[in-house]
Structures are given as C-alpha cells and as structure tokens.
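Biologist: Hi! Could you walk me through this one? I'm new to it.

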Amino acid sequence: MGKHRDWRCSFCGKTKDKVRRLVAGPGVFICDQCIQLCNEVLESNEQHGRDLSIGPDSEVAEVLLDELRINAAGLKQSEEQLQRAVNLLRKNQVAWSRIGEAIGTSRQAAWERFSGED
Ligand SMILES: [Zn+2]
C-alpha cells in the first residue's frame with residue numbers, strides 16, 4: 001500500500017492527492033494542471049507561428065525591409081549597368097531591335113526604357 005500516494009507530477013512535483021488527475025507515462029507523471037499549461041504554451045506558439053508577429057514594427061518587418069533595401073540597391077545597380085551598356089551599343093549604331101532582343105523585350109520597349117527620349 002501507499003505506493004500510489006507517492007505518485008507525483010514529474011513537472012510541478014504535486015502529489016496525486018493534490019491534483020485532479022495524474023497521467024502516467026513511461027517513468028514520468030504529469031498532472032492535469034501541467035497538461036493545461038502545456039496546451040496553453042502550444043496554443044500560443046501556434047498563434048505566434050501563424051502571424052509570425054508580423055506587425056509594422058516587428059523584427060520580421062525590419063528583416064524584410066533590409067532585404068528589400070539590398071535588393072533595390074542591386075536592382076538599381078543592374079539598371080545602371082544595363083543603361084551604360086545600351087548607351088555604348090547605341091553609340092556604335094547597334095539597332096534597337098537587337099538591343100531589345102538581347103534583353104528579352106521588343107524594339108519599342110527597349111527604346112522607351114533606355115533611349116531617354118519620349
Ligand atoms: Zn504538474
């Protein structure tokens with residue numbers, strides 16, 4: 001006898017008679033209160049994961065903005081490089097149709113984008 005009275009929650013240490021339920025696992029016990037606590041932690045983690053705390057002032061927003069800055073800077077740089085290359089090509093009388101073809105667009109679109117005229 002008495003052995004069951006020594007059962008206690010492995011997490012909070014409450015004995016069997018101090019809790020409503022004590023669930024036995026292999027070598028461990030968990031009480032109803034700790035189960036409740038686990039559920040709350042899991043639930044709040046799920047909610048956390050769902051919106052990833054993407055508020056306007058969150059760390060995630062800052063990281064995304066940084067990425068945007070880097071990409072925009074890279075984009076601007078490649079645009080400038082393209083423009084320089086096109087300028088050189090035009091200086092050498094290369095046709096707009098060939099420039100357009102090289103960048104995967106039409107003669108008209110290439111002209112509109114790089115000619116600087118309108
Ligand atoms: Zn417990």
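**A first look around**

Modeller: Happy to! Let's start with C12, which is partly exposed, with a relative accessible area of 36%. Keep in mind that this is a predicted model.

Biologist: Good to know. What coordinates the zinc ion?

Modeller: The zinc ion is held by the SG atoms of C9, C12, C31 and C34, at 2.2 to 2.3 Å. Along the chain these donors follow the spacing C-x2-C-x18-C-x2-C. Within that set, C12 and C31 link distant parts of the chain, 19 residues apart. C12 sits in the segment before β1 (22-24), while C31 belongs to strand β2 (residues 29-31).

Biologist: And is C31 buried or exposed?

Modeller: C31 is buried, because its relative accessibility is 0% and the cut-off for buried is under 20%.

Biologist: Why is the arrangement of the four donor atoms called tetrahedral?

Modeller: The angles they subtend around the zinc ion run from 105 to 117°, so the arrangement is tetrahedral. The rule asks for all angles to lie between 85 and 135 degrees.

Biologist: Switching topic: how many salt bridges are there?

Modeller: The count comes to four salt bridges. One of them pairs R20 with D32, with 3.5 Å between the closest N and O atoms. That pair links distant parts of the chain, twelve residues apart: R20 is in the segment before β1, and D32 is in helix α1 (residues 32-51).

Biologist: Which of those two is exposed, and which is buried?

Modeller: R20 is exposed, at 75% relative accessible area, whereas D32 is buried, at 16%.

Biologist: Okay, what about helix α2? How many residues does it have?

Modeller: Helix α2 covers residues 59-91, which is 33 residues. From its first C-alpha to its last it reaches 48 Å, close to the 48 Å expected at 1.5 Å a residue. Just after α2, Q93 takes a positive phi of about 60°.

Biologist: Why does a gap of three or four places matter?

Modeller: An α-helix has 3.6 residues a turn, so residues three or four places apart point the same way.

Biologist: Last one: how accessible are E80 and K76?

Modeller: E80 is partly exposed, at 37%, and K76 counts as exposed, at 55%.

Key: Residues numbered from 1 in each chain as written. Predicted model: local features only at pLDDT ≥ 70, side-chain atom pairs only at ≥ 80, totals over all residues. Heavy atoms only, no water. Donors = N, O, S within 2.8 Å, 3.2 Å for Na, K, Ca; no water. Tetrahedral: all angles 85-135°; square planar, octahedral: opposite > 155°, others 65-115°. Helix = DSSP H or I, 4+ residues; strand = E, 2+ residues; numbered from the N terminus. Buried < 20%, exposed > 50% of the residue type's maximum accessible area, 1.4 Å probe, protein only. Expected span 1.5 Å × (residues − 1). Salt bridge = Lys/Arg side-chain N within 4 Å of Asp/Glu carboxyl O.
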